[in-house]
Amino acid sequence: MDRRHFLGLTGAAAVAPFAQPVARALAQSAPGTITYGQSTSIVTLDPAQGAFSNYPGGYEAALCLFDRLLDFDADMKIVPGLAQSFQLASDLKSITLKLRPGVLFHDGTPLDAAAVKFNIERLMDKARNPTNRPLWDPVTAVETPDATTVIIRTGAPYAQLPNSLAHASGSIVSPAQIAKVGEKGFAQAPVGAGPFEVESFKPGTELTLKAFDRYWGGKPAAQKIVFKFIAEAATRISALRTGAVDVIDSVPVQLVQPLTQDPNVTVLRKPGLRPIGLVINLTREPLADVRVRQALNYAVPVETIAQRVFFGFAKAPDSPLAFDTVGHAAVGKSTFDQAKAKALLAEAGWKPGASGIVEKDGKPLKLDLYAPDGLFPGDIPVAEIVAASLKQIGVDAQISKIEKGAYWDQLRQDRAGLKWDLAMFGFNPSNASGLYHMESLFKANKDDAGRPDVWNVGRYRNPKVDAALAAANADADPAKQNAALAEAQKLVWDDAPYIWLQVNENVSAARKSVSGVEVWPIVFTVVRRAKA
Amino acid sequence: MADIAAAPRRRRRRPNLHLLVGGSLLGLFVALAVLGPTLAPYDPMAQDLFATMEPPTAAHWLGADQVGRDILSRIMAGTRYTLSIALASVAAAALIGVALGSIAGHFGGRVDRAVTGFVDLLLTIPNLVLAIAIASAVGSSPTGLTVAIAASFVPSIARLVRSRVLELREEDFVNAAVTIGMSPWRVLARHVLPNAISVIVVETSLLAGQAVLVGSALGFLGLGVQPPAPEWGAMLGASREALEIAPHLVMAPGLAISLLVFAFNTFGDGLRDRFDPNMQQR
């Protein structure tokens, strides 16, 4: 490279990421075609074998391509799907589903009880379906008394079974196609019974779906849906404004304002179900003291972060669950009170020491804060604010920015491998169940020394919480279930195993010429009912 | 006094503008690197959540960033990171490159082939990939960044030094030194290397400009320093989404990087004009 070009390059370095791919966004959509510019690429399209990746892009396509026995509407309420009715047994250990007659897969084979049995058994199989285990582990057997009746049994009472069946990983695939292309080949050549079938698929780049003429619910509103991967937010936005795409997801909140001024664009916002927080590593001695954990919570101005960093597109939480999660109960309040934080630290034996950092037995309170770059909204700025806020009460938090690809692995370590004291995390309850959310995060691990069972990465352990969660799972009465769940939320909130931060809104946008785009609270932008 | 005017005059060196401009700019940056944090009007880490993304004002001359930190103070304090990464990587590359190049050139034969092979191997590893590999293995750190940049600069220095040494090896004064029985190492250190210094100096000063650019690019991608340290490339990367609504966030670090690269390149050009015999004959 000629050194005289360096100067020019410096300027270009700042601009290049925005300018380059815009040129690629050429063709306008044909009539009846909806083009969706996604922030994540679609690589595989199989509910088993590692599930739809990448999240959420693959799941968003799966919702167009496949139907499930039960379904969610845009508010995450469970509605009939391939099963026109269902009955949960009073002991919560089985569900009886009545299938819609005459449903066909895209390849023309019938979707009957045998096909459903094949699918459920495939999802139960840990070898073929290693992901989404908490959703499918409880299932123990499938029975098919006749061609349109399916009974699914669980070993223990499991109130969330309908949620599992409505979850995208419960997508029903064509057994004939699996026989044809093999277990491993299906992810690239998927056949379902949803409103759209695959026309062409370039993994990682583009997926084109066309309307399925023989769909049981009638022909869908759009003729074609094109999923296009556009990584950079600014590029997605300019593609939307020029009309190269009709729908985009994941609009950064600071770019919403200019977008609302575009007369051709509608901004779609929906409060999310994913509360962001910093998991506290409870195996560290100073953090085992609840007073220290509460002090950390009092030190962070969560309300101000929601207003100033997220421009009001976020809220301070009042529970370990997000506001719109089924079973959410307001059990607490985020309070910013530095004096109280300092008092709690002093009560726990931490006294002001050299250079403003609190000490106990001559050891300063120094914490390693792990944060990813770009996995959660505003992750690095928020981590910086938290670190600066903790400094003000005398806690020295050092940020380690972890590469996105390595982040989940750093979180889910066995106890000896945990390198962080605080780590940013947010769980998205993709089956819309608050109980599932609480169990995934706060149910005691079988063995705290090993890798966490699900996402209880900070090693939280409270027998009372476990009992409340078990009670919620065993009760068929939704009111009693929610009461038990509320108790669990209260216990967890008071134990403060997290520094609770904010609940963000999901922001997508569509051109005004397109209607029926849904933004689900679980970060999915759903186009299967959209109309061009 | 026509006879005096006609008398052959000693050729006067033209005032070297490049050297002057580049040198004084560099001096300014070095001063900032040393004194930056003390001169800065604010603590570069101090946040004011009620001044987030504020455009330039009398209180914040270059505005405030996403979490309300004074950008001018961050640029001043950040000079230290950018400059030290650039200088350290170039110094390391020069040390290794000169050693490899001069050994290869001076001893020739099998040694030359082995060293040249190794250098060519280094050339095949892109610095970006190396920096990402180091960051994912041991975490992002200025040291990792320095190693990655240095490794990518070693080949160009080694090749340059090797060819210069090959040239010098045939000079009479070198042959004379060999003839009187000086050890090869002594010949290299006393007679060959001192004559190669000018090309090394010119090359490293130009590479320093490139190091600033590569270092900032890697910082932009999120490798290198840990937040909240005010490294310029990282500042640029963190603000790129806000380009449309708060262009001042990108402008300040962008200008700072450009100016430092400009300083190094101009200074390097000036040095070359001064030392390169081909340029002096003009």
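Predicted model: local features only at pLDDT ≥ 70, side-chain atom pairs only at ≥ 80, totals over all residues.

Biologist: How many helices and strands does chain B have?

Modeller: Eleven helices and zero strands. Reading from the N terminus, the order is simply α, eleven times over.

Biologist: And what does chain B span along its principal axes?

Modeller: About 75 × 70 × 30 Å, going by the C-alpha trace.

Biologist: What share of chain B is buried?

Modeller: Of its 282 residues, 48% are buried. The accessible surface of chain B is about 13900 Å², and carbon and sulfur atoms account for 67% of that.

Biologist: Switching topic: what's the volume of the second largest pocket?

Modeller: About 580 Å³. The lining has 27 residues, and those nearest the pocket's centre are E384(A), A387(A), A388(A), S389(A) and Q47(B).

Biologist: Which element gives the most to that lining?

Modeller: α12(A), with seven residues. Two elements of chain A give two or more residues: α12 (379–392) and β18 (396–402).

Biologist: What's the lining like by class?

Modeller: The second largest pocket is lined by 14 nonpolar, seven polar and six charged residues.

Biologist: Last one: what does UniProt list for residues 77–446 of chain A?

Modeller: An unreviewed UniProt entry gives that stretch as "domain: Solute-binding protein family". In the model, residues 77–446 of chain A are 28% helix and 25% strand, with the end C-alpha atoms 32 Å apart.

Note on methods. Residues numbered from 1 in each chain as written. Chains lettered and ligands numbered in written order. Heavy atoms only, no water. 1 Å grid on protein atoms, 1.4 Å probe; cavity = no way out; pocket = protein on both sides within 12 Å on 5 of 7 lines; lining within 4 Å. Points joined across faces, edges and corners; volume = space filled by probe spheres on them. Helix = DSSP H or I, 4+ residues; strand = E, 2+ residues; numbered from the N terminus. Nonpolar A, V, L, I, M, F, W, Y, C, P; charged D, E, K, R; others polar. UniProt positions renumbered as here; feature names shortened; annotations may be inferred. Buried < 20%, exposed > 50% of the residue type's maximum accessible area, 1.4 Å probe, protein only. Areas by Shrake-Rupley, 256 points an atom, 1.4 Å probe, with all protein chains shown as cover.
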